[in-house]
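Here is a short report on one protein model. Keep the sequence and the 3D view open as you read.

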Amino acid sequence: MKKTLTLVVLAGLMLTGCGGKQEAASATAVAEVSDAVTVPSVMGLTLDKATDQLEDLGLKVKAEDTVDGKMIMSKENWQVTSQDPTEGAKVAKDSTVLLGVKNLDKEAAEKAAADKAAAEKAAAEKAAADKAAADKAAADKAAADKAAADAAAAKLAAEQAAAQQAAPQAPVQQTVPQAPAAVYYANCTAAKAAGAAPLYSGQPGYSTSLDRDRDGIACEN
């Protein structure tokens with residue numbers, strides 16, 4: 001009988017002990033659930049604002065430069081590009097959220113350099129296009145001027161040819177050489193008075209009557 005009572009008491013004590021452990025475990029689970037934090041999204045925020053938002057929820061923040069690995073100085077100059085844990089994750093308070101960040105000053109400098117390069121490229125392309133247009137316009141003008149000059153020359157030549165064909169042909173006047181008038185000197189005195197002396201054979205006015213010595217020269221004296 002005593003043995004039976006002892007077993008009953010021990011069974012009761014065991015049951016009581018098991019119930020106490022279950023209650024303790026449930027209490028711990030409830031406590032853990034009540035301390036859990038839902039991680040918000042801080043993507044795109046500056047590091048200072050992201051840090052404030054996470055720390056207000058009881059979380060710790062660790063930030064790393066994921067581009068150049070540089071030391072982070074001014075948090076407002078850095079932007080969040082990644083986070084771990086991600087949005088919506090349930091974590092305990094005092095958990096650390098790892099943030100990947102990039103430097104906004106560097107990004108601004110890179111954007112300014114890219115904008116400048118793009119502007120210079122656009123300006124170069126515009127200058128090339130303007131030059132090509134100007135060269136084409138000059139070539140077109142030169143071709144038009146040449147065509148106009150050729151047309152004007154052809155028109156002038158046609159007009160001159162038409163004028164020559166339309167003009168009456170003047171008759172060609174032939175000059176008939178007139179025979180020299182017969183020259184006669186009655187004597188050498190007349191020949192000398194006319195300034196013709198001396199007279200040579202074959203010369204107008206020469207006659208053998210004036211050439212006494214018949215040497216072909218009359219009125220030589």
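Lys 62 has a relative accessibility of 47%, which counts as partly exposed. What joins the side chains of Glu 64 and Lys 62? They meet in a salt bridge, with 3.9 Å from N to O. The term asks for a side-chain nitrogen of Lys or Arg within 4 Å of a carboxyl oxygen of Asp or Glu.

This is a predicted model, so local features need pLDDT of at least 70 and side-chain atom pairs count only at pLDDT 80 or more, while totals for chains, interfaces and linings use all residues. Residues are numbered from 1 along each chain as its sequence is written, and side-chain values use heavy atoms, leaving out hydrogens and water.

The structure holds 10 salt bridges. One of them brings together the side chains of Asp 68 and Lys 106, at 2.5 Å from N to O. This pair links distant parts of the chain. Asp 68 sits in the loop between β2 and β3, and Lys 106 is in helix α3 (residues 104-166), 38 residues apart. Asp 68 is partly exposed, with a relative accessible area of 39%. Lys 106 is also partly exposed, at 30%.

Glu 110 has 46% relative accessibility and counts as partly exposed.

## The whole chain

How many helices and strands does the protein have? It has four helices and seven strands. Both come from DSSP runs: helices are H or I with at least four residues, strands are E with at least two, and numbering starts at the N terminus. From that end, the elements run α-β-α-β-β-β-β-α-α-β-β.

Of the 221 residues, 14% count as buried. The accessible surface comes to about 16,400 Å², and 60% of this belongs to carbon and sulfur atoms. Accessible areas come from the Shrake-Rupley method with a 1.4 Å probe; for residues, only the protein chains shown count as cover. Now take the contacts between residues at least 6 apart in sequence. Of these, 55% join residues at least 24 apart. A contact means heavy atoms within 4.5 Å.

## The three-stranded sheet

Strands of a sheet pair through backbone hydrogen bonds, either parallel or antiparallel. In this model, an open sheet of three strands has the order β2-β5-β3, with mixed pairing. Two strands count as paired if DSSP finds at least two bridges between them. The edge strands are β2 and β3, and each pairs on one side only. From one strand to the next, the twist averages 35°.

β2 and β5 run parallel, joined by six bridges. Where is the bridge partner of Val 61? Look in β5: the partner is Val 97.

## Helices on the sheet

α2 packs on the sheet and touches β2, β3 and β5. Its direction makes about 170° with that of β5. α3 lies across β3 and β5, running at about 30° to β5. For such angles, axes are lines fitted to C-alpha atoms, for helices over the stretch in contact, and values run from 0 to 180 degrees between N-to-C directions.

Which residues of helix α2 (residues 47-56) are buried? They are Leu 47, Ala 50, Thr 51 and Leu 54. They cover an arc of only 100° around the axis, so they sit on the same side of α2. That arc is taken from the directions from the helix axis to the C-beta atoms. These buried residues pack against β2 (60-65), β3 (78-84) and β5 (96-103). On the other side of α2, Lys 49 and Asp 56 are exposed. Just after α2, Gly 58 takes a positive phi of about 85°.

## Around Tyr 200

Tyr 200 is found in strand β6 (residues 199-200). With a relative accessible area of 45%, Tyr 200 is partly exposed. Leaving aside residues up to four places away in sequence, Tyr 200 touches Tyr 206, Gly 216 and Ile 217. Tyr 200 and Ile 217 are 17 residues apart along the chain, yet their C-alpha atoms are separated by 4.7 Å.

Key: Buried means under 20% relative accessible area, exposed over 50%, partly exposed in between (1.4 Å probe, protein chains only).
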